[in-house]
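Hi there,

Here is the structure I said I would pass on.

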Amino acid sequence: MTDGERMSPGRRTVLGAAGAAVLGTAATGLAGAPASAAQRHRGPAAYRDLPVPYVIGHRGTAGYRPEHTLGSYQHALDLGAHVIEQDLVPTKDGHLVCRHENDISATTNVLDHPEFASRRTTKTVDGTAITGWFTEDFTLAELKTLRAKERIPGNRQHNTLYDGRWDVPTFEEVLRWAQEQGRRLGRRIWLHSETKHPTYFRGIGLPLEDRVAALLRRYGRHRADSPQFLESFEPSSIQRLAQLVDTPSVVLLSNAGTKPWDFVVSGDPRTVDDLVKPAGLKWIASYAQGIGPTLDLIIPKDASGRLTRPTTLVRDAHAQGLILHPYTMRNENTFLPADFRRGTDPNAYGDAFGAFKTYFATGIDAVFSDNADTALLAAADFRKH
């Protein structure tokens, strides 16, 4: 077999440990009678009751399955992720579907469908010109004829085994899935749902917030104690959602020096650098419950990619009552700080446990991870010390 097909010892070890020991609780209730009404309410009553640090399954469990598929979400749940993430974009006829981007060129088999060849186009999304196929140019029925595939096959060749196995799920299908899994397992299933490019979609007549809020109300996820987080890189989207539902929300923060796209459009002069200062955090705390910064905003890297000293962001955010959900931890060398890379293969696993330990030591409340099993083992180790 080729180098791309060979499974590293690290991966075998992690998967074996996850299946054998720490993550067994996720399988409880796989068989037997349906959960009683009392059992359905087991688990954390509100987000402050989640076990810190908790693990957010990034796009499901993107390290092992094509992202944003029911297979990826189910695997994240089976591994034991505390919270499972969805990114939301609309279809032409107004349905919300789960894709990291509205450009579906890399995450579906749309290239294999000659009937959609003419839909390929170039659009400017948040200031960037992109050529591809876009969800807003497809009806839901058309989108459902496509199949999902691995987004980064060069890094995750093993995930291509599942190419074509699942379709593109709607947000409502995920909400129903969470409801069904909650009954099966006798506990509430936590979700973390992002409005993607909300200013762009508002500009083309497909606003996201009302659609998200309507579905949350329909499935009882609109309350302050719902097992649900909302997230967006655009603060104004979170502000709009806060007027519609009481669901806990998180403002995502990109790299230092960047500016949220809604700030660009509105002429707001602030950048992420301003938002991570005490005054900016106080402003965020006036309408949101947390922030989701890049890991580099927690611990910056030097020119060689090695970690430097932690910033004061964790302390400053906690002082404003905000929780922190930084992103994203992945096991492969190419995604890890240089301190924790092992060997020369960029796609082999590095010392992810060492990296988790370092980030958890800063006091973060949770972390997004493509590898929920690794993150859970690291979190369990951290809580012991």
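Below is what turned up, starting with the whole chain and then going down to single residues.

First, some ground rules. This is a predicted model, where local features need pLDDT of at least 70 and side-chain atom pairs count only at pLDDT 80 or more, while totals for chains, interfaces and linings use all residues. Residues are numbered from 1 along each chain as its sequence is written, and side-chain values use heavy atoms, with hydrogens and water left out.

**The whole chain**

The protein chain has 14 helices and 11 strands. Both are DSSP runs numbered from the N terminus: helices are H or I with at least four residues, strands are E with at least two. The chain has 385 residues, and 53% of them count as buried. Buried means under 20% relative accessible area, exposed means over 50%, and partly exposed is in between (1.4 Å probe, protein chains only).

Two packed helices are described by the angle between their axes and the distance between the axes. Helix 6 (residues 209-218) and helix 7 (residues 235-244) pack at about 40 degrees, and their axes are 10 Å apart. That makes helix 6 oblique to helix 7. The axes are lines fitted to C-alpha atoms, for helices over the stretch in contact, and angles run from 0 to 180 degrees between N-to-C directions. Under 35 degrees is roughly parallel, over 145 roughly antiparallel, 65 to 115 roughly perpendicular, and the rest oblique.

Which residues make the contact? Helix 6 brings Glu209, Asp210, Val212, Ala213 and Arg217, and helix 7 brings Ser237, Arg240, Leu241 and Leu244. The residues of this contact between helix 6 and helix 7 divide into four nonpolar, one polar and four charged. Here Ala, Val, Leu, Ile, Met, Phe, Trp, Tyr, Cys and Pro count as nonpolar, Asp, Glu, Lys and Arg as charged, and the others, Gly among them, as polar.

At 0% relative accessibility, Ser237 counts as buried. Leaving aside neighbours within four places in sequence, Ser237 touches Thr195, Pro198, Glu209 and Ser232.

Where are the cis peptide bonds? One joins Val52 and Pro53, with omega about -5 degrees, and Pro53 sits in the loop between helix 1 (9-20) and strand 1 (54-57). Another runs from Tyr327 to Thr328, with omega near -15 degrees. Thr328 is in the loop between strand 10 (323-324) and helix 13 (352-360).

Next, positive phi. His68 is not a glycine, yet its phi is positive, at about 55 degrees; His68 is in the loop between strand 1 and helix 2 (70-79) and is buried at 0% relative accessibility. His197, also not a glycine, has a positive phi of about 50 degrees. You will find His197 in the loop between strand 6 (190-195) and helix 5 (198-203), buried with a relative accessible area of 13%.

Ile130 and Asp103 are 27 residues apart in sequence, and their C-alpha atoms are 7.9 Å apart in space.

Cheers

Note on methods. Contact means heavy atoms within 4.5 Å.
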